[in-house]
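Subject: Structure handover

Hello,

Here is the structure I said I would pass on. Please open it next to this email and read the notes below against it.

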Amino acid sequence: MPRESFDHYLGGLQDEVLVLGSMVEKAIARSIKALRERDLELARQVVADDARINQKRLDIEEGCIELVVTQQPVASDLRVIVAILNIVVDLERIGDHAEGVAKIAVMIGDEPPLKPLVDLPRMAEKAIDMLRRSLNAFISRDSEAAMKISAEDDEVDNLYDQVYRELLTFMLEDPRTITRATRLIWVAHNLERSADRITNICERVVFTVTGRMEEIGASKY
Amino acid sequence: MDPKIQIRELDFHYGKVQALKRVTLDIKEHQITALIGPSGCGKSTFLRTLNRMNDIIPHTCLEGKVLLDGLNIYELGVDVVEVRKRVGMVFQQPNPFPKSIFENAVFGPRMLGLNHRASLDEMVERSLRKAALWDEVKDNLGKSGLALSGGQQQRLCIARVLAVEPEVILMDEPCSALDPLSTLKIEELMQELKKSYTIVIVTHNMQQAARVSDWTGFFLLGEVVEYNKTSEIFSRPKDKRTEDYITGRFG
């Protein structure tokens, strides 16, 4: 195989994308856990760990550039690298959304809880599930799976609607809840945006497989 | 865009060996078409069929059509000198004649019977300018063409082709004997030349094909596997064999 070292290097980069993906997954899960369990220490840890996510993204980008410069990849090799360059940006931004959730958790601090959190953890779970599957689809070059995952963004959007409406009723009933409810809406917004970013990743999977650049399902937000 | 050359069902044999199999494609006017493929795939043979350069090789046999502006250049009664005047060729090794730069540049016109000094002077300047060589040699036109650097020699050969005012220029690996800087000069020259000429280039250098050409044809075992816009070939080739070749996985 004349391209063995190239394939080896590209495989390594893809592994790094998975590592970054799992760092981001963990950040979402921990930020919601911190919010739910009012674990400020954990929230601060998520904020601090975001720097590692950012650095990982830069490292992967650098690896991609090195591969382009030294190997002049074309066709599917090029598409994989272009996809990685895009995917790491989305992953890093999802990391920022998790950091946003963690910061809100710190902001809320030990204020009395407005209500037990149900839908927000569900949104987070759904986003994490979509994220994991989208990266699996990338690794296995499964554009059909990517299309399917992308369509599931509607579920997150619906949960977002639900959270929004519910929090609105709290605010209407008792204006003293406005601050706390608004903060939770921010959390929901961060999670909703994360799911949108995952649909971008899915688009890159389709691009990797087919070479087509297309939007595969616009989010309603 | 009208095709300058239409190749239809072209078969070519060296003795019993079939080198081209039913090749059909269109060479677009004022575009650069690159032909790529592993050694022995038939791309150079194909290039040479475009100005009947294979005629001089014994025991060869050609079937099919090569239409230059609609005229089949293999039709009986077609003047091969006229064909080669319209379709010029640049080779892998720069091959200036052991004569002065001036005489190299006017070689074609002289062969075609032109001897008027003033028009030869004018022709030399024009073709050397077009070949981006004039400024480097204008004070030394009496110097031997062989005294030039490899890159300059190749541009002299291009000037020699341009002097007979062809419509199509065939280039068979024109940069493979040149250093990177000379290669770049030839590549830039090609971009300039395509405004007035149609260019077909055979190259082993995939990056060169991607850099310079508008259209790319991938040859394998005498067949055209894929022919498309260069950007398509190098970003989303349709055929697995093209993909494998351009990504360096075989060939």
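Predicted model: local features only at pLDDT ≥ 70, side-chain atom pairs only at ≥ 80, totals over all residues.

**Chain A overall**

Chain A has seven helices and zero strands. Read from the N terminus, its elements go α-α-α-α-α-α-α. Along the principal axes, the C-alpha atoms of chain A fill a box of roughly 70 × 35 × 20 Å. The radius of gyration of chain A is 19 Å. A compact globule with 221 residues would be near 17 Å, so the two values agree.

Two more numbers for chain A. Of its 221 residues, 42% are buried. Take the contacts in chain A with a separation of 6 or more: 81% of them come from residues 24 or more positions apart.

**Helix 4 against helix 5**

Two packed helices are described by the angle between their axes and the distance between the axes. Here is that description for one pair in chain A. Helix 4 of chain A covers residues 119–139, and helix 5 of chain A covers residues 143–151. Their axes come within 9 Å and cross at roughly 160°. Helix 4 of chain A is therefore roughly antiparallel to helix 5 of chain A, since angles over 145 degrees count that way. The crossing of these two helices is left-handed.

Which residues meet there? From helix 4 of chain A come A:M130, A:R133, A:S134 and A:A137. From helix 5 of chain A come A:A145, A:A146 and A:I149. By class, the residues of this contact are five nonpolar, one polar and one charged.

**Chain A against chain B**

How many residues of each chain are in contact? Nine residues of chain A touch 11 residues of chain B. The chain A side of this contact has four nonpolar, three polar and two charged residues.

**One residue in chain B**

Look at B:K238. It is found in the loop between helix 10 (230–235) and helix 11 (240–246) of chain B. Is B:K238 buried or exposed? B:K238 has 12 C-beta neighbours inside 10 Å. The cut-off for exposed is 12 or fewer, so B:K238 counts as exposed. B:K238 and B:E226 are 12 residues apart along the chain, and 7.6 Å separates their C-alpha atoms.

Best wishes

Methods. Residues numbered from 1 in each chain as written. Chains lettered and ligands numbered in written order. Axes fitted to C-alpha atoms, helices over the stretch in contact; angles between N-to-C directions. Helix = DSSP H or I, 4+ residues; strand = E, 2+ residues; numbered from the N terminus. Parallel < 35°, antiparallel > 145°, perpendicular 65-115°, else oblique. Left-handed = near helix turned anticlockwise from the far one by under 90°. Contact = placed C-beta atoms within 7 Å. Nonpolar A, V, L, I, M, F, W, Y, C, P; charged D, E, K, R; others polar. Rg over C-alpha atoms; globule rule 2.2 N^0.38 Å. Buried ≥ 20, exposed ≤ 12 C-beta atoms within 10 Å, placed from the backbone.
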